[in-house]
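Subject: Handover of a structure and its findings

Dear colleague,

Please find below the structure that I am handing over to you. I would be grateful if you would look through it before reading the notes that come after it.

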Amino acid sequence: MAPLLARGYVLTYDMVFVPRLELTGNLLGLDVAVARAVPGDLLVALASRLVPADLVQKLVLLGIVVAAGAGAARLTPTRRPAAKAAAAALYAWNPFVYERLVMGHWGLLAAYATLPFVARAATDLRTGTQGSVRRLVLTLAIAAAASPPGGLI
């Protein structure tokens, strides 16, 4: 991840972040043009009002890898640190993740990173754990906000 975290923008296929994305109806899919990444681009446009867009991009990329690893480690049914570390590493960095990063599919990867949290919330729901419905709805909403295909997955 080090080369991706250097200052500046990472421009690869679909991963196009710009310094100031205009807030238009297209960000909600309301324009006549085909919607590119609804509502992910809207979230990026809003976040780039608070933080420079290149830093938003770095936070998104780093957040994907960290969240995926943390979710996989948390989902691992053991207390052994080596097993949790192996699960985190294999889930956070594998050929699928690499290929999607190269293609710039950050929205799909953000949804992918939430899947272990969705699975854990669904398991908690089955066992009747308190607050599991709220956690399940929240994790599914995060997956759907990242990308429509991610929400379906």
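The model is a predicted one, in which local features need pLDDT of at least 70, side-chain atom pairs count only at pLDDT 80 or more, and totals for chains, interfaces and linings use all residues. Residues are numbered from 1 along each chain as its sequence is written, and side-chain values use heavy atoms, with hydrogens and water left out.

Helices are DSSP runs (H or I, at least four residues), numbered from the N terminus. Helix H5 covers residues 106–127, and helix H6 covers 132–146. Their axes lie 8 Å apart and pack at an angle of about 165°; axes here are lines fitted to C-alpha atoms over the stretch in contact, and angles run from 0 to 180 degrees between N-to-C directions. H5 is therefore roughly antiparallel to H6 (a term for angles over 145 degrees). The crossing of the two is left-handed, that is, the near helix is turned anticlockwise from the far one by less than a right angle. Contact means heavy atoms within 4.5 Å. On the H5 side the contact includes Gly107, Thr114, Phe117 and Asp124, and on the H6 side it includes Ser132, Arg135, Thr139 and Ala143. By class, this contact has 13 nonpolar, 4 polar and 2 charged residues; Ala, Val, Leu, Ile, Met, Phe, Trp, Tyr, Cys and Pro count as nonpolar, Asp, Glu, Lys and Arg as charged, and the others, Gly among them, as polar.

Thr114 is buried, with a relative accessible area of 9%; buried means under 20%, exposed over 50% and partly exposed in between, with a 1.4 Å probe and protein chains only. Not counting residues up to four places away in sequence, Thr114 touches Thr139, Ile142 and Ala143. Asp124 is buried as well, at 10%, and with the sequence limit of four places applied, Asp124 touches Thr129, Ser132 and Arg135.

Packing of H2 and H3

Helix H2 (residues 53–75) and helix H3 (residues 81–92) have axes that come within 7 Å and cross at roughly 140°. Residues of H2 including Val65, Gly69 and Arg74 meet residues of H3 including Lys84, Ala88 and Tyr91. This contact has 8 nonpolar, 1 polar and 2 charged residues.

A nonpolar core is a set of buried Ala, Val, Leu, Ile, Met, Phe, Trp, Tyr and Cys residues joined through side-chain atoms within 4.5 Å. The largest has 22 residues, of which Met15, Phe17, Ile64, Leu101, Trp106 and Leu109 touch the most other members. H2, H3, helix H4 (95–103), H5 and H6 each give two or more residues to this core. Among the residues that Leu101 touches, beyond four places in sequence, are Leu4, Met15, Leu61 and Trp93.

In helix H1 (residues 40–47), the buried residues are Gly40, Asp41, Leu42, Val44 and Ala45. Their cover includes H5 and H6.

With kind regards

Note on methods. Angles under 35 degrees count as roughly parallel, over 145 as roughly antiparallel, 65 to 115 as roughly perpendicular and the rest as oblique.
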